[in-house]
Amino acid sequence: MCLTTGAINAQGSGYLAVTDPPTVAVKRGASVDVKIPATVMTGYHINSNTPSEEYLIPLKITWTATGALAGGAVTYPKPSLEKYEFTEKPLSVYTGNFEMVAHFQVAPRATAGPGEAVGKLRYQACSSRACYPPKTIEVRVPYQVQ
Amino acid sequence: MLSPRLSAPLVSALLAVLGLAACSSGVRAAEPVKAEKDRKPAPDFTLKDADGKTVHLSDYKGKVVLLDFFATWCGPCKIEIPWFKEFERQNKDRGFSVLGVSMDDDGWEVVKPFLKDLGVNYRVVIGNDFTAQAYGGVDALPSTFLIDREGRIAAVHVGLASRKDFEDGIQKLLETAAPGGGIVPDNGGD
């Protein structure tokens with residue numbers, strides 16, 4: 001199951017906004033993929049989950065509480081390679097709109113009812129001439145066990 | 001569709017643009033540094049260097065100082081640092097010093113290897129929020145302040161600047177004879 005999300009609530013903190021997915025209806029024992037849309041502000045980029053240089057801070061989602069869901073491995077989209085004035089070689093970055101996908105497994109004996117997976121998304125943004133301190137924003141995936 | 005919480009980034013971007021425009025208009029016109037009458041005192045601070053020694057900006061009274069706020073994760077900072085090494089080497093005997101202020105949350109654990117890798121030949125301290133706020137927040141890195149011999153901010157460069165802008169500013173300030181000093185008193189930076 002892969003759920004397309006609608007923009008219900010956007011969590012922004014600086015240069016990146018993440019849209020919370022709508023409530024996901026899940027079945028016990030099933031796997032579920034949840035799309036997490038994000039938008040980088042125009043004129044900025046954020047490092048991808050696999051930056052080109054060791055010193056750069058990667059994009060990363062870490063789940064802090066997942067309730068009846070297990071796993072939560074995140075698939076990040078293919079980054080773009082962009083050359084900036086301050087780099088000799090292109091950097092692996094995200095710009096504009098992109099989507100991450102979180103993969104969960106519903107516990108076989110999960111209690112029917114609502115729940116929420118909560119995570120922290122850490123990123124670090126730059127423009128073409130300056131960089132900004134790393135920031136962490138909250139990501140919420142509401143679900144309903146049927 | 002996006003919530004009002006997005007207003008913060010928009011405001012940040014606007015402020016950043018306005019801030020850059022303001023810096024540019026104040027510094028880059030015809031002169032590499034502000035006119036003396038337009039210079040404000042550089043806030044003093046008390047921070048620790050890599051050896052644990054206390055450093056006050058006021059220790060540099062009578063010198064021209066290039067104060068560089070940087071971070072190890074900042075690409076544009078890595079472009080400027082080799083220039084600053086050269087400025088330090090060329091001008092240290094003329095009453096000039098570079099002072100780096102790292103804004104890394106992880107402190108010396110990440111900063112010391114970084115300085116070693118880059119062969120940094122000038123003094124570096126670890127910054128804090130108090131110091132950053134005193135210098136206008138310092139959200140964008142690098143942010144570099146050229147401070148005259150009287151402890152006044154003569155030029156501000158937010159983001160990657162040109163090497164020539166720095167060179168011209170330093171030379172202009174070094175041409176001025178050392179006076180009595182004007183760094184504002186320390187308000188407690190530890």
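Against which elements of chains A and B do the buried residues of α2(B) pack? In this predicted model, the buried residues of α2(B) pack against β13 (125-126) of chain A, and also against β4 (64-70), β5 (96-102), α3 (108-118) and α5 (163-174) of chain B. The buried set within α2(B) consists of Gly75(B), Pro76(B), Cys77(B), Lys78(B), Glu80(B), Ile81(B), Phe84(B) and Phe87(B).

Helix α2 of chain B spans residues 75-91 and has 17 residues. From its first C-alpha to its last, the helix reaches 25 Å, close to the 24 Å expected at 1.5 Å a residue. At Ile81(B), one of the buried positions, α2(B) bends by about 25°. A proline, Pro82(B), follows within four residues of the bend.

Two packed helices are described by the angle between their axes and the distance between the axes. For α2(B) and α5(B), the axes come within 11 Å and cross at roughly 25°. Because this angle is under 35 degrees, α2(B) is roughly parallel to α5(B). The crossing of α2(B) past α5(B) is right-handed. On the side of α2(B), the contact is made by Trp83(B), Phe87(B) and Asn91(B); α5(B) contributes Arg163(B), Phe166(B), Ile170(B) and Leu174(B).

Gly119(B) lies in the loop between α3 and β6 (123-126) of chain B. This glycine counts as exposed because Gly119(B) has 9 C-beta neighbours inside 10 Å, and 12 or fewer is the criterion for exposure. Gly119(B) and Pro32(B) are separated by 87 residues in sequence and by 28 Å in space, C-alpha to C-alpha.

Technical notes: Residues numbered from 1 in each chain as written. Chains lettered and ligands numbered in written order. Predicted model: local features only at pLDDT ≥ 70, side-chain atom pairs only at ≥ 80, totals over all residues. Helix = DSSP H or I, 4+ residues; strand = E, 2+ residues; numbered from the N terminus. Expected span 1.5 Å × (residues − 1). Bend = angle between axes of the 7 residues up to and from the residue. Buried ≥ 20, exposed ≤ 12 C-beta atoms within 10 Å, placed from the backbone. Contact = placed C-beta atoms within 7 Å. Axes fitted to C-alpha atoms, helices over the stretch in contact; angles between N-to-C directions. Parallel < 35°, antiparallel > 145°, perpendicular 65-115°, else oblique. Left-handed = near helix turned anticlockwise from the far one by under 90°.
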